[in-house]
Amino acid sequence: MGKLNWQKSSYSGDAAECVEIASDGELIRIRESDDPAIAITTTKAKLAAWLQGAKAGEFDHLTG
């Protein structure tokens with residue numbers, strides 16, 4: 001894993017504890033900004049499917 005351009009949601013504001021995401025070729029890396037040494041890896045296709053579910057409200061019960 002080389003130098004990645006980590007991005008957080010604009011909805012995070014100035015919060016220091018955010019989820020960050022970066023593209024690493026064909027893979028996607030996801031980490032928490034307060035513990036950047038640990039990252040999970042997925043594919044672009046799997047992330048796209050998850051985002052589609054999130055946009056449809058499939059995970060809303062986890063945030064309430």
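Helices (H or I, at least four residues) and strands (E, at least two) are DSSP runs, numbered from the N terminus. The model is predicted: local features need pLDDT of at least 70 and side-chain atom pairs pLDDT 80 or more, whereas totals for chains, interfaces and linings use all residues. Residues are numbered from 1 along each chain as its sequence is written, and side-chain values use heavy atoms, with hydrogens and water left out.

**Close-up A. Lining of the largest pocket.** A pocket is an open set of points on a 1 Å grid over the protein atoms alone, where a 1.4 Å probe fits, with protein on both sides within 12 Å along at least five of seven lines; lining residues have an atom within 4 Å of a point. The lining consists of Val19, Ile21, Ile30, Leu47, Trp50 and Leu51. Helix α1 (44-55) and strand β2 (19-24) each supply at least two of the lining residues, and α1 gives the most, with three.

Close-up B. Strands pair if DSSP finds at least two bridges between them. Strand β1 (residues 7-8) pairs with β2 in the antiparallel sense over two bridges, with Lys8 opposite Glu20. Six bridges join β2 and β3, also antiparallel; among the bridge partners are Asp24 and Leu27. Two residues separate β2 and β3 in their hairpin, and Gly25 in the turn has a positive phi of about 70°.

Close-up C. Arg31 belongs to strand β3 (residues 27-32). At 17% relative accessibility Arg31 counts as buried (under 20% relative accessible area, 1.4 Å probe, protein chains only). Beyond its neighbours within four places in sequence, Arg31 is in contact (heavy atoms within 4.5 Å) with residues including Trp6, Glu20 and Ile38.

Terms used:
Buried means under 20% relative accessible area, exposed over 50%, partly exposed in between (1.4 Å probe, protein chains only).
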